[in-house]
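Here's a quick look at how two ligands sit in their protein. Have the structure open while you read.

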Amino acid sequence: MKPRVVVTRNPPGDALRRVREAAEVWVWPENRPIDRMVLHTQIAEAAGLYCMLTDQVDTDLLARAPLLRVVSNMAVGFDNIDLAACAERGIAVGHTPDVLTDSTADIAWMLILGASRRMSEGIDVVRSGGWGEWNPSWLLGRDVSNTTLGIIGMGRIGRAVARRAVGFAMPILYASRSDKPDVEEATGAVRVSLRELLVRSDHVLVAVPLSAETRHLIGRDELELMKPTSNLVNIARGPIVDTDALVDALTAGVIRCAGLDVTDPEPLPSDHPLLDLPNCTVVPHTGSSTWETRAAMADVAADNLIAGLDGAPLPYRVPGT
Ligand code: NAP
Ligand code: GLV
Ligand code: GLV
């Protein structure tokens, strides 16, 4: 008898075809995150869970899943999963690094450029008929080329952003838990303290995972350290930045602008104060959202799931599980 698998959202591409060969698959049929109660019911007989970053895999869920052997997250981030609880139960946890690195680094660049050059304000004014005669002092932003980029978290995505920064002739500072000599050699990046990075950078990129340690890593004190001309870009997870502090900093001109692919909360309600700020560019968590990348993520998640069902090593197991 094939093992039972719960899939919480239909992924693009044909990854599920392979999962269906290996397992009896139940897929949440709707185009929105799965209802918690439905997941609680479906998980009871499941050996595998193929899930999304919107699904909380916590002790409450695991307590209802006595047969569960593998959790395969179709994301690189795993802050939605209680890793310790999975490890305790011998449940392998898979994720999808590497395949989304370039597309996410591209979104980081879209936001670095778009926020500094006031792209969303420009688009809005053109669409609303406000484009007047050429004006030497209109919609002035801040330079990107030859300015200093600070990268918080020199991991896979941080490195990919740094590689691109070489083309913009940017000095690079980074804050990470360990030295990255290869990145330093390839890009001239210099490791500094978080404080020094905030003080010296013109663009600050948040690229660390969300954890107890990084929640509100960027709060009022950190924003105060940044230059009044600077740009904060977050492509990692919303709660790494204290949203209320960011709203105040953008309102008071403590920093000049921000570009956010991730927010806290998510989705951001349309009446949220961040959206009243012309100097805040927000896109809806689309870092990995290209056809190619999402199909590749779906494939890696399928590979992890199938390996876990077989009791084989996961191609991409979350460290520590
Ligand atoms: P990664 O390779 O694990 O890189 C994360 C880096 O953060 C690591 O190099 C690590 O440093 C560093 N780090 C961890 N805790 C830190 C701390 N407290 N202070 C400073 N640095 C710290 O992960 P990745 O693949 O680049 O992805 C990063 C995150 O981006 C994911 O966890 C996910 O949340 C997010 N993400 C978002 C999107 C999107 O759609 N917007 C897409 C993909 C990923 P060391 O190496 O020095 O230990
Ligand atoms: C996206 O946010 C991911 O973690 O893959
Ligand atoms: C701008 O379009 C210029 O020609 O300077």
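Predicted model: local features only at pLDDT ≥ 70, side-chain atom pairs only at ≥ 80, totals over all residues.

Residues are numbered from 1 along each chain as its sequence is written, and side-chain values use heavy atoms, with hydrogens and water left out.

Start with ligand 2: its surroundings are Leu53, Ala75, Val76, Gly77, Leu100, Arg237 and His285, going by a heavy atom within 4 Å. That shell splits into four nonpolar, two polar and one charged. For ligand 1, 27 residues are around it, and Ile157, Arg177, Lys180, Ile235 and Asp261 come nearest. Its shell has eleven nonpolar, ten polar and six charged residues.

| Ligand | Residue and part | Distance |
|---|---|---|
| Ligand 2 | Val76, backbone | 2.8 Å |
| Ligand 2 | Arg237, side chain | 2.7 Å |
| Ligand 2 | His285, side chain | 2.7 Å |
| Ligand 1 | Met154, backbone | 3.3 Å |
| Ligand 1 | Ile157, backbone | 2.9 Å |
| Ligand 1 | Arg237, side chain | 3.3 Å |

So how much of each ligand is covered? The protein covers 88% of the 190 Å² of accessible area that ligand 2 has on its own, and 87% of the 930 Å² for ligand 1, using Shrake-Rupley with a 1.4 Å probe.

Now the surface: Trp131 sits in the loop between helix 6 (119–127) and strand 6 (149–152). Trp131 is exposed, at 61% relative accessible area (exposed means over 50%).

How values were computed: Chains lettered and ligands numbered in written order. Polar contact = N/O pair within 3.5 Å; in protein donor to acceptor, adjacent residues only side chain to side chain. Nonpolar A, V, L, I, M, F, W, Y, C, P; charged D, E, K, R; others polar. Helix = DSSP H or I, 4+ residues; strand = E, 2+ residues; numbered from the N terminus. Buried < 20%, exposed > 50% of the residue type's maximum accessible area, 1.4 Å probe, protein only.
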